[in-house]
Amino acid sequence: MLSIHTKHIQSPVPQVKTSLPGPRASALIKRDSVVSSPSYTRGYPLVAARGEGCMIEDVDGNVFLDFTSGVAVTATGHAHPQVVQAIQNQAANLLHISGTDFYYEPMVKLAESLAVRAPFPESVDSRARVCFTNSGAESVEGALKLARYYTKRSRIISFLGAFHGRTYGAMSLTGSKRVQRQGFGPLLPGVTHIPYGTHASLDDLEQKLFSTVIPPEEVAAIVVEPIQGEGGYIVPEDGFLARIRQICSRHGILMIVDEIQSGMGRTGKLFAIQHWDVMPDIITLAKGIASGLPLGAILSRAELMTWPPGSHAATFGGNPVACAAANVTLELLEAELIDNARQMGEVLQVALTKLAHGFDRVSLPRGKGLMMAIDLLDGDGNLDPDLRNRIVDGAFYKGLLLIGCGKAAIRFCPPLIVDRKQIDVALEILTELFEEI
Ligand SMILES: Cc1ncc(COP(=O)(O)O)c(C=O)c1O
């Protein structure tokens, strides 16, 4: 018999009762400090004990409003009851058997659901095939392998500011922060990074690089985030993604769209690329797909997935419990959460615009849906990373969880269930902080 003990978070609003970190949090951070990898980037001392909806309770009973979603992951909110139920049911029935070697329904169901929704051109048999992974980086690795295998070409074009993960292939595409690459070379050869988001960059690619150092017939793929995530929630110029599509089609290059952060409804559409009506060849997914369980997926146009049995798979990729969580996540997204992301995105944009008008150290917001950011500026209007860090830390001490991105941006990526009241509370805290500063 299952016996699940849960204690609900008592406060619907942030409530900081102890000094931070509190006594239990301090003790745990001390233990962590001698055993955990120093490569983790903990900004402020949150020690989470429980999550419910948009709220997180720490080990000392302090309650926080979470505008990070555990780095854009908990799409349906923390511990959505239907997701938890699906996980419990699946765990009680089949925890693991490995989809690489055997079959089970939750994995087939999820592959079917993703395949019919993938924004690929119609074709006779099936529009898409799906290969499951455990993480974002692993989805990118697989997509790279697939592109090289199918095209029999080796070069890859990626973008400055891009973040695709930390394994070797993914890291080689990443162009976000020096620390993510420094000391780890040699990386994958044949990767060229070009500036993101502008037509000028694509002019250079076509007019200079293709005719000098990068023969386009040697390029397997252009890998692009529809909205750059870690790089600063940068929205590309109109026509940028459509032009990449044209360049790819002209030269037989595959267009890989990394929707690991921007996908699963966060921007107000299931896939962010759908805002621009562009059809890629391959899509990588992870983060929000299973509301917090580790799962990723590579979606490709059906005819591209010609790699033979044994050429690519992972023991845990498409784990039954993760797939069960993902199947319910997708239902919840389509029932109302994608719409909510769009509507609350508009509310957030209006609120952040008001904030920017009230304080000259805050830029106007950018982004789509609940993938939105502001830059923090110094007195001369230059990006001010120190101020950003102070605001992110200061928000924590007032009960609001935020994280940065880019050089001096704060990203707003709350769970897609966020409501108007919670956006008001977040903005009240931010306004208070700017008034104090
Ligand atoms: C766009 C994008 N791609 C890939 C990744 C890597 O995902 P993971 O950390 O699951 O390996 C991230 C993570 O932030 C991401 O934002």
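The model is a predicted one. The chain is assigned two domains, domain 1 (23-78 + 343-436) and domain 2 (84-332). The largest nonpolar core has 122 residues and draws at least three residues from each of domain 1 and domain 2.

**Domains and their contact**

- Between the C-alpha centres of domain 1 and domain 2 the distance is 27 Å.
- Domain 1 puts 22 residues into the contact, and domain 2 puts in 22 residues.
- On the side of domain 1 that touches domain 2, two or more residues come from each of helix H2 (69-72), strand S11 (366-368), strand S12 (371-375) and strand S15 (409-412).
- That side of domain 1 is made up of 11 nonpolar, 7 polar and 4 charged residues.

**The largest nonpolar core**

- Ala147, Leu299, Ala325 and Leu370 are the residues that touch the most other members of this core.
- Helix H9 (residues 320-358) is the element that gives the most to the core, contributing 17 residues.
- Leucine 299 touches Leu114, Ala118, Ala128, Val130, Ile282, Ile283 and Leu285, when residues up to four places away in sequence are not counted.

**Leucine 370**

- Leucine 370 sits in the loop between S11 and S12.
- Leucine 370 counts as buried because 30 other C-beta atoms lie within 10 Å, where the cut-off for a buried residue is 20 or more.
- Apart from neighbours within four places in sequence, the contacts of leucine 370 are Arg266, Ala341, Met344, Gly345, Leu348, Phe412, Cys413, Pro414, Leu416 and Val418.
- Leucine 352 is 18 residues from leucine 370 in sequence, and their C-alpha atoms are 12 Å apart in space.

- In strand S5 (residues 155-159), 5 of its 5 residues are buried.
- One side of S5 carries Arg155, Ile157 and Phe159 and the other carries Ile156 and Ser158, with both faces covered.
- In a regular strand, side chains alternate between the two faces of the sheet.
- S5 pairs with strand S7 (residues 219-224) in the parallel sense through 3 bridges, and arginine 155 is opposite valine 219 in S7.
- S5 also runs parallel to strand S6 (residues 191-194), joined by 4 bridges, and isoleucine 157 is opposite threonine 192 in S6.

**Strand S3 and its partners**

- From strand S3 (residues 63-66), Val63 and Leu65 point one way while Phe64 and Asp66 point the other way, and all are buried.
- Strand S2 (residues 55-58) runs antiparallel to S3 and is joined to it by 3 bridges, with isoleucine 56 opposite phenylalanine 64.
- The hairpin formed by S2 and S3 has 4 residues between the strands, and glycine 61 in its turn has a positive phi of about 85 degrees.
- S3 pairs with strand S13 (residues 400-401) in the parallel sense over 2 bridges, where leucine 65 stands opposite leucine 400.

Terms used:
Residues are numbered from 1 along each chain as its sequence is written. This is a predicted model: local features need pLDDT of at least 70, side-chain atom pairs count only at pLDDT 80 or more; totals for chains, interfaces and linings use all residues. A nonpolar core is a set of buried Ala, Val, Leu, Ile, Met, Phe, Trp, Tyr and Cys residues joined through C-beta atoms within 7 Å. A residue is buried if 20 or more other C-beta atoms lie within 10 Å of its own, exposed if 12 or fewer, and partly exposed in between; C-beta atoms are placed from the backbone. Domain bounds come from an automatic or database domain assignment. Two residues are in contact if their C-beta atoms, placed from the backbone, lie within 7 Å. Ala, Val, Leu, Ile, Met, Phe, Trp, Tyr, Cys and Pro count as nonpolar, Asp, Glu, Lys and Arg as charged, and the others, Gly among them, as polar. Two strands pair if DSSP finds at least two bridges between them.
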